[in-house]
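Biologist: I am new to this structure and would like to learn how to read its features. Could we go through them one by one?

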Amino acid sequence: YSIPSLITQCCNVYGQRQNNEKFIPNTIKKILSKEKIIVHTDENNVPGSRYYIHNEDLAESIVFLTTNHEEVRSESIKQYQKEPAKINITGDSLITNLEVVEMIGNDLKMKFEYELENKDSLRPGHDIKYGLDNTLIKSINGHHDREFKMGISDVVNWYLKNKNWLN
């Protein structure tokens with residue numbers, strides 16, 4: 001129908017107002033409650049890792065894509081020779097889940113207890129690492145990604161001021 005369209009894919013979005021069942025707010029809640037944190041690992045006891053992107057950076061990237069739709073579509077077709085244009089939006093820094101826990105503990109200035117646990121055999125389809133190729137969005141200067149340590153500190157501080165979101 002010649003409807004201008006773009007398909008975006010993202011993963012591991014974090015930020016304020018995230019559901020408390022998600023890893024980051026759940027970790028904040030557990031550290032504040034002095035509960036043990038489970039960090040999933042692979043069969044070699046290596047913690048899972050993610051390319052996180054802050055929700056505000058994701059929003060800025062989406063605004064860029066909609067504002068520059070034709071350029072984005074053209075570049076996507078040039079790189080991948082197919083339509084509709086598909087754009088991956090991700091963060092740049094690969095962070096292990098244990099590093100996330102440690103950063104949150106440091107921001108809270110609290111000690112915490114954690115356990116490394118390999119449950120992949122009990123969770124079919126669970127990937128120890130999530131990531132997407134963000135080459136296209138970077139090539140058109142539509143990539144926004146704050147430094148994770150800064151972003152996670154802002155998120156921790158927000159949850160401390162809005163503890164009702166942890167319930």
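Modeller: We can start with one side chain. The model is a predicted one. In it, R146 has a relative accessibility of 17% and so counts as buried.

Biologist: Where does R146 lie, and which residue in helix α2 does it pair with at 90 residues apart in sequence?

Modeller: R146 sits in the loop between α5 (135–139) and α6, while its partner E56 belongs to helix α2 (residues 55–67), so this pair ties together parts that are 90 residues apart in sequence. The two form a salt bridge whose closest N and O atoms are 3.1 Å apart. E56 itself is partly exposed, at 41% relative accessibility.

Biologist: How many salt bridges does the structure hold?

Modeller: There are 7 salt bridges. One of them joins K36 and E115, with the closest N and O atoms 3.1 Å apart. K36 is in the loop between α1 and β3 and E115 is in strand β8 (residues 114–117), so the bridge ties together parts that are 79 residues apart in sequence. K36 counts as partly exposed at 36% relative accessibility, and E115 is partly exposed at 29%.

Biologist: Next, the nonpolar side chains. Which residues of the largest nonpolar core touch the most other members?

Modeller: The largest nonpolar core has 21 residues, and those touching the most other members are I24, I28, I104, F148 and I152. At least two core residues come from each of α1 (23–32), β3 (37–40), α4 (97–108) and α6 (148–161).

Biologist: What does I104 touch, leaving out residues up to four places away in sequence?

Modeller: Its contacts of that kind are I24, T27, I28, I31, I152 and V156. T27 deserves a separate look. T27 is in helix α1 and counts as buried, at 2% relative accessibility. With residues up to four places away again left out, T27 touches I37, V101 and I104.

Biologist: What does the side chain of N88 reach at 2.9 Å?

Modeller: The side chain of N88 reaches the backbone oxygen of D133 at 2.9 Å. A polar contact also links the side chains of N88 and Q9, at 2.9 Å. Neighbours within four places in sequence aside, N88 is in contact with Q9, L132, D133, N134 and I137.

Biologist: How should I read the cysteines, and how many disulfides are there?

Modeller: A disulfide is a covalent bond between the sulfur atoms of two cysteines. Here the count comes to 0 disulfides. C10 is in none, and the nearest cysteine sulfur to its own, that of C11, is 7.0 Å away. The cut-off is 2.5 Å, so the sulfur of C11, at 7.0 Å from that of C10, is too far for a bond. C10 counts as partly exposed, at 38% relative accessibility, whereas C11 is buried, at 17%.

Biologist: Last, the backbone. What is phi of R17, and what is phi of K34?

Modeller: As a general idea, most residues other than glycine have a negative phi. R17 has a positive value, near 70 degrees. R17 is in the loop between β2 (13–14) and α1 and is exposed, with a relative accessible area of 53%. For K34, phi is near 60 degrees, again positive in a residue other than glycine. K34 is placed in the loop between α1 and β3, and at 68% relative accessibility K34 counts as exposed.

Conventions: Residues numbered from 1 in each chain as written. Predicted model: local features only at pLDDT ≥ 70, side-chain atom pairs only at ≥ 80, totals over all residues. Heavy atoms only, no water. Buried < 20%, exposed > 50% of the residue type's maximum accessible area, 1.4 Å probe, protein only. Core = buried A, V, L, I, M, F, W, Y, C linked by side-chain atoms within 4.5 Å. Helix = DSSP H or I, 4+ residues; strand = E, 2+ residues; numbered from the N terminus. Contact = heavy atoms within 4.5 Å. Salt bridge = Lys/Arg side-chain N within 4 Å of Asp/Glu carboxyl O. Polar contact = N/O pair within 3.5 Å; in protein donor to acceptor, adjacent residues only side chain to side chain.
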